[in-house]
4 protein chains.
Amino acid sequence: MKKVAIIGGTGYGAIELIRLLQLHEKMHVKKVISHSQHGDSLASIYPHLTDFIEEPMDELQIDKLEEEVDIVFFATPAGVAKDILPQLSNSKLQCIDLSGDLRLSSPTEYETWYGKEAAPQELLDQAVYGLSELYAEEIKQASVISNPGCFPTSALLGLAPALEHQIISPQGISIDGKTGISGAGRTPTAKTHFSETNENVTPYKIGQHQHIPEIEQYLSDKAKTPIDVAFATHLIPMTRGLICTMYGQLVRETTTEELLEIYQSYYENNPFVRIREAGVFPATKDVYASNFCDIGIHVDQRSNQIIIAAAIDNLVKGAAGQAIQNANLMNGWEETMGLHTIPVYP
Amino acid sequence: MKKVAIIGGTGYGAIELIRLLQLHEKMHVKKVISHSQHGDSLASIYPHLTDFIEEPMDELQIDKLEEEVDIVFFATPAGVAKDILPQLSNSKLQCIDLSGDLRLSSPTEYETWYGKEAAPQELLDQAVYGLSELYAEEIKQASVISNPGCFPTSALLGLAPALEHQIISPQGISIDGKTGISGAGRTPTAKTHFSETNENVTPYKIGQHQHIPEIEQYLSDKAKTPIDVAFATHLIPMTRGLICTMYGQLVRETTTEELLEIYQSYYENNPFVRIREAGVFPATKDVYASNFCDIGIHVDQRSNQIIIAAAIDNLVKGAAGQAIQNANLMNGWEETMGLHTIPVYP
Amino acid sequence: MKKVAIIGGTGYGAIELIRLLQLHEKMHVKKVISHSQHGDSLASIYPHLTDFIEEPMDELQIDKLEEEVDIVFFATPAGVAKDILPQLSNSKLQCIDLSGDLRLSSPTEYETWYGKEAAPQELLDQAVYGLSELYAEEIKQASVISNPGCFPTSALLGLAPALEHQIISPQGISIDGKTGISGAGRTPTAKTHFSETNENVTPYKIGQHQHIPEIEQYLSDKAKTPIDVAFATHLIPMTRGLICTMYGQLVRETTTEELLEIYQSYYENNPFVRIREAGVFPATKDVYASNFCDIGIHVDQRSNQIIIAAAIDNLVKGAAGQAIQNANLMNGWEETMGLHTIPVYP
Amino acid sequence: MKKVAIIGGTGYGAIELIRLLQLHEKMHVKKVISHSQHGDSLASIYPHLTDFIEEPMDELQIDKLEEEVDIVFFATPAGVAKDILPQLSNSKLQCIDLSGDLRLSSPTEYETWYGKEAAPQELLDQAVYGLSELYAEEIKQASVISNPGCFPTSALLGLAPALEHQIISPQGISIDGKTGISGAGRTPTAKTHFSETNENVTPYKIGQHQHIPEIEQYLSDKAKTPIDVAFATHLIPMTRGLICTMYGQLVRETTTEELLEIYQSYYENNPFVRIREAGVFPATKDVYASNFCDIGIHVDQRSNQIIIAAAIDNLVKGAAGQAIQNANLMNGWEETMGLHTIPVYP
């Protein structure tokens, strides 16, 4: 049984890690670390955890971490992991960062989009991008994982096969993202205030979302050519769930059926990707509280475009679930360990 | 005071007409006609109408309609208005059809997309498409109006200026539609069942929605060149509200500021279109229960695309409100009569 | 046309006043006053008001108020109106306070439940409780109105007839309140954070809500005997709407039919109270965005209790709408002026 | 590994059983039986089950059931289990009926409240009421379980200790039930239509709900005196979750602290009941997708009443979860087997 520490204990990413790890056979949560609320019990903040996590949260003691645990999950806001990780570089700890700190290979890009100082270049070079299906071999060798953003997980899983098979042009790709409000985290703001958000679709950060360079970097990597995308994100009045609907310009003749075969083949060894049959698209609730990414595909002959939608639970495949999937890969365990659960429906 | 009949009295379109007409100075509802529930009072079906509409609904008597009322709104399912309207062709009635029966100029197209027999060609020729802002002059002369669909209202108002000004290519346009569930009407189905729809985004009719040919016909008309679009629609867990997010490929250099000026100028005499300033996009709740169409624009230099979003209330500007706006135009009244109300917020 | 000032311009009470007053024939909004955001335009905060209220908000200048306006609505947090109102006591202004400052006749009670210093006794004595249906005659003579709380409006309208007719005991009354989240105002908090509130029923302030003494004071007044109630409130995942379900112990034999007659007769001259027939109860959506209070009644022979439910829109009949209704009464206008609109449905 | 059959395979009860049993160590689903859709795969109806349950559903063959499985769950509508169960009376099958067929000991009562013919008296006598915490000893000996209704589960767990300890009077009890829409099942109706149910609280079956005699029978059993309750149920705009807020008349002096001790002691060996501390009440989301029943208590000295709220997930503790808990008890397994999961939050 490997021992786990979770840093950033009071955010949604952390409590989702706790929920999922409770079902894991080879990891258990040893320490929950919170800077702002150490000393409090998690159950006092989150009553749903009553009888599960009653111990007080700890303050971070970097020098003791290696002796106390084997695996560290960073469920911290942007800008925290990049400062802590260099201090752990000589340890045997496996580190998985759920924040955006290590996702962009270029420090300049990070500073442009995140408005913060970037991580040191050598840390960026060391970190492996943890999109489990697309970078499994690299992940298996990694000690530091940069866990993907929620939108990039959906967008990359949806677009990579079409781009790698040169079905669509690298130009003219549009990604329409729709996310539940939990993606905005636990801090109350006007944007997450129930009365403003309920019964409402709110476009936000149009063309300016920090997930744009992340999507482009890895799409470009897979397509082996530079790619820029139009990306518009929308807050949807639901708590969990995320779907990107993607539009690409066809560069050769194809059919929905051919494309489905390409996708099925591409993901045939990936238990968490499920491809819908022709004429059927996934809804976000089909993957609720689970680690699946469900994908639907339509070749739109009339407009000479393809339409692809990829649905995930933003807190699971888009965050905590994929982090555990990566830990499984890093440790040579069954990829689905602790994650092979049926989505909660309805 | 002109007298109004509403045919199709128990649907959401009809009760929204009733709600809005209660505030109108020059029209009042004389008859509510229901085929399936004549004899019942509307308030027994819709308790919110208690003390407003207590009389029983009538059955349709076509030959008496002309003497009883001046204006007829068809809030009927597809396939009804096209059979009744020819029988009124010699009357002086002003007829406004909220269904899709008269929206496509080609009977073949109608039969392909609607799966029903089309209206007679002469009726199609006679009907004027009631997108108030784009066809005001024609509407003022019309006796039969084909009221636009909800998605086409948003898509056409959002895209027409950019196409007319040749900012974007007629090729490669993608429209991502998001609608509240009331757009699916009042008949309970699995798709509108609360437990399945709540906390869920459901893509549906991807590339196959009957609003596609309507959007294309009038976009082509405005752009003066044939246009095919990729169109994907999504059910959102809210009752009212609709937003299309639209992506177009730029064909010349421009900026968000230039485009905003073009749009403001295009709609400067249209009181129901409100253009947001740079960096701000409308949310659907900004127009809740009102006749506004709010538009946001972003020129995405990196991907060489524009992103436009146009928000409406699907039951008001997307149905009953625009029908009243058209009646105002047809009768030479103030265009905003009965409609100049502040959206319900929050 | 009387001129109106609204103090507390950025809260939900204020913008609901603005929405409703836009339809009023005899009042118009002259000044919107905000302490924290004067100088900003309301439309910059609330884009739904674009083209309606573009002028900047003002700072409060007490000494100019009387010359500038005729009627002042206080849509302020607890503790503000009580300090301003004494400075207006020699003016001819009609003042309507939507906060709780003047609702309790005992300063001690106020200080116990609100945790703030109470208003001066003479101001409390001067203020008339603005539950329009129960205190219409007093309201017509008043210059200072204490507008009721949302829960008390529902509870008092629901219980007063049964108590006045001595159908139920003054002991053993339970009131189960359920409210949409907008009742908590516009300030984001954990309790109003979408991800925590959505798909959730949250009991709060059980037995400790500041509306308890208000309900008891006026129930006692109507029943002419001291009354204490058990009162439990619940946040419901919706924006607007409030319903109290009330349970009382029968003290004499009766039937649902007899009780319905009593209630219909009690409210026969009150256009905003609608009594449902036997076997039918109102839903909150039946009164959405309107000033109605809809009431359902059931005599539960088996348990010897009555069950009464009274539904209102918490922002209209529970706040801004009733404030306008009171202004109508104070000025001798038609009670329904500006308020006789059909609820928004669905 | 015991083999399980689920009869009534396409309802929400059945798919929740499937979800939960996927995590169970000693039971696995061998057959899913559907009368109306046998031959179809569950995944074609419920895409979230893709890759989990791909085999077609079976038709019921009563005579083969005993050889094929060990345990049968009836997730059928009212009136089905009572006809099938007598045909299995000589088998060794363990049968758990999630419908209401066997809950009332009196056939007359059943026929009055359900409007259907009752089960044979001997079957009613044989069946043990499966409220796990209150009837554990009987359940351990049973071969036929009548699984409780969702409201009774909450109401009985909330009220039993106070009644058994004679804290409250058997007269004057009021129960205010609030349930998510999934309690109404999967068949689309006007009452479950999103546009009518969203942003709405709908009282229904006031004083007439078929759970009333069930609550009264077992409350009377525990209190050892006849009890009649006032019971009002409300549809809440959420999918899952149920809370009963209960009001009782105090018959002796007590405090919240004393009552909390009584409750904690009463449930000290019941891992699925969690008692909140003084001043804190549970929200339905605290138990989402889990088998917990969380209880909050307040002694309202002013009104001489107690207020108790008990929150469950209607599909888990209120249906499928409790059925599995009962199977655990019947088979001598750990009571929490397969059910000790953290609620899904947020």
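A salt bridge is a side-chain nitrogen of Lys or Arg within 4 Å of a carboxyl oxygen of Asp or Glu. In this predicted model, the structure holds 73 such bridges over all chains. One of them pairs Asp58(B) with Lys31(B), whose closest N and O atoms are 3.2 Å apart. The two residues come from distant parts of the chain and are 27 residues apart. Asp58(B) sits in the loop between helix H2 (42–45) and helix H3 (62–68) of chain B. Lys31(B) belongs to strand E2 (residues 27–33) of chain B. Asp58(B), with a relative accessible area of 25%, is partly exposed.

A second bridge is local in sequence. The side chains of Arg19(C) and Glu16(C) meet at 2.7 Å, N to O. Both residues lie in helix H1 (residues 12–21) of chain C. They are three residues apart, about one turn of the helix. Both partners are buried: Arg19(C) has 11% relative accessibility, and Glu16(C) has a relative accessible area of 0%.

Other bridges run between chains. Arg302(D) pairs with Asp228(C), with the closest N and O atoms 3.9 Å apart. Arg302(D) lies in the loop between strand E12 (293–300) and strand E13 (305–312) of chain D. Asp228(C) lies in the loop between helix H10 (211–223) and strand E9 (229–235) of chain C, so the pair joins two chains. Arg302(D) is partly exposed, with a relative accessible area of 30%. Asp228(C) is also partly exposed, at 34%. In chain A, salt bridges that share partners form one network. This network joins Glu16(A), Arg19(A), Arg240(A) and Asp313(A).

The interface of chain B and chain A was examined next. The size of an interface is often given as the accessible area lost when the parts come together. Between chain B and chain A, the buried area is about 3,800 Å². Carbon and sulfur atoms give 55% of this area. Glu199(B), Val201(B) and Arg302(B) supply 18% of the area that chain B buries against chain A, more than any other three residues. The contact takes 48 residues from chain B and 48 residues from chain A.

Polar and charged pairs also cross this interface. The rule finds six salt bridges between chain B and chain A. Among the bridges joining these chains is that of Asp228(A) with Arg302(B), with the closest N and O atoms 3.9 Å apart. Polar contacts link 26 residue pairs across the interface. On the side of chain B that touches chain A, several elements give two or more residues. They include strand E7 (173–179), helix H9 (194–197), helix H10 (211–223) and strand E10 (242–249) of chain B. The residues of this side divide into 23 nonpolar, 15 polar and ten charged.

The largest nonpolar core has 387 residues. Those with the most contacts inside this core are Phe73(A), Phe73(B), Phe73(C) and Phe73(D). The surroundings of Phe73(D) were listed without residues up to four places away in sequence. Phe73(D) touches Val4(D), Ala5(D), Ile6(D) and Ile7(D), among others. Its partners also include Leu17(D), Leu21(D), Met27(D), Ile96(D) and Leu98(D). Further along the sequence, Phe73(D) touches Ala323(D), Ile324(D) and Ala327(D).

Conventions. Residues are numbered from 1 along each chain as its sequence is written. Chains are lettered from A and ligands numbered from 1 in the order in which they are written. This is a predicted model: local features need pLDDT of at least 70, side-chain atom pairs count only at pLDDT 80 or more; totals for chains, interfaces and linings use all residues. Side-chain values use heavy atoms; hydrogens and water are left out. A nonpolar core is a set of buried Ala, Val, Leu, Ile, Met, Phe, Trp, Tyr and Cys residues joined through side-chain atoms within 4.5 Å. Buried means under 20% relative accessible area, exposed over 50%, partly exposed in between (1.4 Å probe, protein chains only). Contact means heavy atoms within 4.5 Å. Buried area is the accessible area (1.4 Å probe) that two parts lose on being put together, summed over both. A polar contact is a pair of N or O atoms within 3.5 Å; within protein, one must be able to donate a hydrogen and the other to accept it, and residues adjacent in sequence count only if both atoms are side-chain atoms. Helices (H or I, at least four residues) and strands (E, at least two) are DSSP runs, numbered from the N terminus. Ala, Val, Leu, Ile, Met, Phe, Trp, Tyr, Cys and Pro count as nonpolar, Asp, Glu, Lys and Arg as charged, and the others, Gly among them, as polar.
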